[in-house]
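Have a look at it first, then try each task before reading its solution.

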Amino acid sequence: MTDFLVKLWIPDWENTEDPQVRTRYGMLSGIVGIVCNLMLFAAKISIGLLVNSISVMADAFNNLSDAASSIIGFVGARMAGKPADDDHPFGHGRIEYISAFIVAFLVIQVGFSLFKTSVGKILHPEEMSFQAVSVVILLLSVAVKLWMGMFNKKLGNRIHSSVMLATSADSLGDVGATAATILSLLVFGTMGWNIDGIVGLLVSLAVMIAGINIAKETLEPLIGAPIDHSLYMEISNYVESFDGIVGTHDLIIHNYGPSRSMASIHAEVPNDVDIQVSHEIVDRIEQEAYKRFHISLVIHMDPVETKNQKYLEKKEMLGKVLAEVDSRLEFHDFRMVDGVERINLIFDLVVPRDYKYSQYDQLRERINRLVQEKDSRCRCVMTIENSYCESAAAE
């Protein structure tokens, strides 16, 4: 069904890097969400009124909020797909994140309202009636929501949309909420226990948690999330694969919406190669990187020594010392000032983010001590910094 709807709605559905194709994916997700959630709301509110169940009505209004969320998502996808203009030279892609944050706020608000209603139902219980048809319709609701969760997950993975993946998680959360509502009706029908208010309370908490999770997912790219480790390595390895590039470091990616990113990276080039030759290589990499990653890449050239044997020996020595201190430590921009009585090793040291500022001086002292044990004339002049990439373990 998912592939059928995609091919029906999106002619060029395989070209997911095209902003217009992404927009149509977002619109399809919004339309499906609006239709399905309105149908579920109508069915559940009817059942809730029929059996006088606050948990069923709570679940119904959760679906209504999901329908409103889908409307906002639909409008957001249309606006995010607008091209760049004079006032917004980087496009409108971040509107997708803003619209998702509005959705999260609405979900949390609905959950809080249901929370207050459920507390009132616990304090002042009302009579319920059990009908088997209610359970059947709610089971169908579970099936619909389960399909919607899989639908949005498949689309989200296909176009790398955190918003769709958050919507998928919300739908799967609704599956659990509706299952709890079914449990409430079955317990009342078989044992006569009215746990409706308690279940409604649990449903409201599930709704609020889903809203908070959506807000977290959408705020991260707005505030500034670390670069995905696999993407960091893919871009770095790609740049380093070109002849004339010795190494890379300091890759930074700025996100202006899904599939709208700019990046900068430092590429090390041999210092004995004509600068015009290196510049031509860099220009070609920037052009080809855009075709491959659809990212506007700006490359800064760092000339490095590649033939001086003494320089290479000191660089290798430093690498071994850092590996001894902590295998996660990295360094770049290495230079050597060779004096008569003293050799300064100048470099930038990249440390994991779990290092505290209070540890920096101790780290400097330990590295200097180990370096001097290998060569008493050497002194380290280092600038300590963090990477913009997430750790490999977090991938």
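**Exercise 1. Find which residues V351 is in contact with, leaving aside its neighbours within four places in sequence.**

Solution. Start with the rule: contact means heavy atoms within 4.5 Å. Leaving aside neighbours within four places in sequence, V351 is in contact with L329, Y360, L363, I384, E385, N386 and S387.

Before going on, a word on the model. It is a predicted one, where local features need pLDDT of at least 70 and side-chain atom pairs count only at pLDDT 80 or more, while totals for chains, interfaces and linings use all residues. Residues are numbered from 1 along each chain as its sequence is written, and side-chain values use heavy atoms, with hydrogens and water left out.

**Exercise 2. Describe the largest nonpolar core: which members touch the most others, and which element gives the most to it?**

Solution. First, the terms. A nonpolar core is a set of buried Ala, Val, Leu, Ile, Met, Phe, Trp, Tyr and Cys residues joined through side-chain atoms within 4.5 Å. Buried means under 20% relative accessible area, exposed over 50%, and partly exposed in between (1.4 Å probe, protein chains only). Helices (H or I, at least four residues) and strands (E, at least two) are DSSP runs, numbered from the N terminus.

Next, the members. The largest core has 24 residues, and L329, L345, L349, V351, L363, I367 and V371 touch the most other members. At least two residues of this core come from each of helix 10 (309-325), strand 4 (330-338), strand 5 (343-351), helix 11 (360-374) and strand 6 (378-386). Helix 10 gives the most, with 6 residues. Another core, of 22 residues, lies apart from this one and has Y232, A263, V269 and V282 among its members.

**Exercise 3. Work out how many residues line the second largest pocket and how they divide into nonpolar, polar and charged.**

Solution. On a 1 Å grid over the protein atoms alone, a pocket is an open set of points where a 1.4 Å probe fits, with protein on both sides within 12 Å along at least five of seven lines; lining residues have an atom within 4 Å of a point.

About 930 Å³ of space lies in the second largest pocket. It is lined by 35 residues, and the closest to its centre are Y232, R328, E330, V350 and S387. Helix 8 gives the most to this lining, with 6 residues. Finally, the lining divides into 14 nonpolar, 10 polar and 11 charged residues.

**Exercise 4. Does the span of helix 4 agree or disagree with its number of residues?**

Solution. The expected span is 1.5 Å times one less than the number of residues. Helix 4 (residues 95-123) has 29 residues and should span 42 Å; its end C-alpha atoms are 43 Å apart, which agrees. Its buried residues include Y97, V103, V107 and L114.

**Exercise 5. Decide whether S261 and L312 are buried or partly exposed.**

Solution. S261 lies in strand 2 (residues 261-270). Because its relative accessibility is 16%, S261 counts as buried. Not counting residues up to four places away in sequence, S261 touches I253, H254, N255, I295 and S296.

L312 is placed in helix 10. With a relative accessible area of 30%, L312 is partly exposed. Beyond its neighbours within four places in sequence, L312 is in contact with E305, T306 and K307.

Methods: Grid points are joined across faces, edges and corners, and a volume is the space filled by probe spheres set on the points. Ala, Val, Leu, Ile, Met, Phe, Trp, Tyr, Cys and Pro count as nonpolar, Asp, Glu, Lys and Arg as charged, and the others, Gly among them, as polar.
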